[in-house]
Amino acid sequence: MIDKHIIEAENAARQTDLAADYDALGARLSRRGVDIEALTARAMGFGVAIPSWGTGTGGTRFARFPGAGEPRGIMDKMDDCGVIHQLTAATPSVSLHIPWDRTDPSLLLEKAEATGLGFDAMNSNTFQDQADQEYSYKYGSLSHTDAATRAQAVDHNLDCIEIGRAIGSKALTVWIGDGSNFPGQTSLSRQFDRYLDAMGQVYAGLPDDWRLFSEHKIYEPAFYSTVVQDWGTSLMIAQELGPKAQCLVDLGHHAPNVNIEMIVARLIRAGKLGGFHFNDSKYGDDDLDAGTIEPFRLFLVWNELVEHEDTPGLNLSHMIDQSHNVTDPMESLMISAVEIQRAYLQASLVDRTALEGYRDSNDALMAAATLRAAFRTDVDPILQMARLRKGAAIDPVAAFRASGWRAQVAAVRPASAGGGGGIV
Ligand SMILES: [Mn+2]
């Protein structure tokens with residue numbers, strides 16, 4: 001972890017300005033009938049999970065260009081996640097990916113204790129072949145035409161549940177690359193039947209207090225059809241499997257211009273929204289940093305999440321799901337966590353009483369203006385104050401750079417290989 005004196009020194013240099021900015025914003029919000037302290041408390045209570053694999057440099061189908069000090073394994077990844085949380089106070093948990101992060105659960109628990117982290121949903125992997133596996137997933141996994149291959153994929157998911165139980169996780173996320181690359185290659189209906197049958201076996205192995213998340217994706221790695229291609233399919237899966245099955249929505253897993261906030265609203269209405277995977281995109285599943293391309297879309301997603309936050313039974317599991325190809329992954333994750341937290345706070349600022357009034361009276365212009373008023377509010381002083389009060393950094397990236405963390409770990413972590421594609 002980073003020496004706390006470095007964080008304190010960095011904060012000391014910014015604290016006077018922050019106090020003035022916070023007071024000024026507090027006065028402005030007060031005129032709108034908003035208590036800044038209530039918002040700061042919400043910011044302090046916010047958390048989004050970090051995927052363990054996000055701490056390493058990602059890649060495209062073309063190449064991967066690793067940076068210095070790449071994590072060597074899950075212990076290094078958790079160290080990195082611990083520092084991200086230390087500086088942002090907004091990322092209290094890590095989401096593991098099996099088999100990449102497979103290790104002795106007692107070591108994982110020790111590391112979680114040392115880094116102050118908990119464990120979010122487990123992620124299984126049946127979209128690539130491992131050295132020791134008997135059957136290939138080249139033509140699918142949970143929906144494969146061969147029963148033995150499907151059984152192998154089911155067993156892997158059950159194994160992920162067992163590892164998760166040992167470390168206190170409460171959910172399994174199943175994302176599969178199954179689909180087809182050519183029209184006619186597969187029976188769209190029978191392939192889905194096979195998938196449902198296999199997922200039923202995974203569901204049967206789920207502990208009572210666990211949830212099973214299905215995550216849809218319109219295309220890639222299969223480029224003609226995917227088995228779980230859209231939220232309608234994902235909802236069918238969750239409804240057919242049972243009450244512990246829910247849907248995950250990933251911002252990048254849709255066609256351009258799809259109204260994703262409406263999907264969020266529909267899934268909440270169905271009692272089937274399990275959580276959200278945050279990233280941003282310009283064209284497809286770009287996995288860019290949250291809030292960098294379409295911050296207003298991020299805000300509109302949060303607007304639905306906040307509007308419905310008191311829905312009975314709603315228990316959302318939020319994670320960042322990005323690929324960092326040209327930035328320091330830790331810096332991207334810090335900035336992304338802050339941007340997600342920002343959109344959450346902006347959505348919390350929406351005057352919902354006024355909005356409902358405008359909706360009821362069909363005043364479209366003022367309804368839209370009500371959302372814009374919240375979106376345009378600069379909540380930086382609140383985010384900064386929330387971090388300061390939790391012992392984190394007013395400016396996380398500045399503190400990270402001042403700490404020299406990347407150079408320190410680069411001295412002990414050997415350079416990792418670049419080369420071939422690394423998209424996940
Ligand atoms: Mn995802």
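**Close-up A. Strand 4 pairs with strand 5 in the parallel sense.** Two bridges join strand 4 to strand 5 (residues 171-174). Helices (H or I, at least four residues) and strands (E, at least two) are DSSP runs, numbered from the N terminus. Two strands count as paired if DSSP finds at least two bridges between them. Met122 stands opposite Leu172 in strand 5. Axes are lines fitted to C-alpha atoms, for helices over the stretch in contact, and angles run from 0 to 180 degrees between N-to-C directions. Residues are in contact if their C-beta atoms, placed from the backbone, lie within 7 Å.

The model is predicted: local features need pLDDT of at least 70, side-chain atom pairs count only at pLDDT 80 or more, and totals for chains, interfaces and linings use all residues. Residues are numbered from 1 along each chain as its sequence is written.

Close-up B. Strands of a sheet pair through backbone hydrogen bonds, either parallel or antiparallel.

**Close-up C. Strand 10 is largely enclosed by the rest of the structure.** Six of the six residues of strand 10 (residues 273-278) are buried. A residue is buried if 20 or more other C-beta atoms lie within 10 Å of its own, exposed if 12 or fewer, and partly exposed in between; C-beta atoms are placed from the backbone. Strand 9 (residues 245-250) pairs with strand 10 in the parallel sense, over four bridges. Val249 stands opposite Phe276 in strand 10. Four bridges also join strand 10 to strand 11 (residues 317-320), again in parallel. There, Phe278 stands opposite Ile320 in strand 11.

**Close-up D. Strand 9, helix 9 and strand 10 form a right-handed β-α-β unit.** Helix 9 spans residues 260-269. The chain then crosses from strand 10 through helix 10 (residues 295-307) to strand 11. This β-α-β crossover is right-handed. A crossover is right-handed if, with the strands pointing away from the viewer, the path from the first strand over the helix to the second runs clockwise.

**Close-up E. Helix 5 crosses helix 6.** The axes of helix 5 (residues 105-115) and helix 6 (residues 147-167) come within 9 Å and cross at roughly 45°. Helix 5 is therefore oblique to helix 6. Angles under 35 degrees count as roughly parallel, over 145 as roughly antiparallel, 65 to 115 as roughly perpendicular and the rest as oblique. The crossing is right-handed. A crossing is left-handed if the near helix is turned anticlockwise from the far one by less than a right angle, and right-handed if clockwise. Helix 5 contributes Pro105, Leu108 and Leu109 to the contact. Helix 6 contributes Ile163, Ala166 and Ile167.

**Close-up F. Leu206 sits in the loop between helix 7 and strand 7.** Helix 7 spans 188-204, and strand 7 spans 211-215. Leu206 is partly exposed, with 19 other C-beta atoms within 10 Å. Leaving aside neighbours within four places in sequence, Leu206 is in contact with Ile161, Leu212 and Lys244. Leu206 and Ala171 are 35 residues apart in sequence, but 8.7 Å apart in space, C-alpha to C-alpha.

**Close-up G. Helix 14 is mostly covered.** Eight of the 10 residues of helix 14 (residues 380-389) are buried. Among them are Pro381, Gln384 and Arg387. The buried residues pack against helix 1 (4-12), helix 2 (15-31), helix 3 (36-45), helix 4 (74-88) and helix 11 (329-348). Gly391 follows helix 14 and has a positive phi, near 80°.

**Close-up H. Loops hold cis peptide bonds and positive phi values.** Most residues other than glycine have a negative phi, and most peptide bonds are trans. The bond from Ile98 to Pro99 is cis, with omega near 20°. Pro99 is in the loop between strand 2 (93-95) and helix 5. Glu220 and Pro221 are also joined by a cis peptide bond, with omega about 5°. Pro221 lies between strand 7 and strand 8 (225-226). Ala89, in the loop between helix 4 and strand 2, has a phi near 55°. Ala89 counts as buried, with 25 C-beta neighbours inside 10 Å. Asn362 has a positive phi of about 55°. Asn362 lies in the loop between helix 12 (352-360) and helix 13 (364-375). Asn362 is exposed, with 7 other C-beta atoms within 10 Å.

Definitions and conventions
Contact = placed C-beta atoms within 7 Å.
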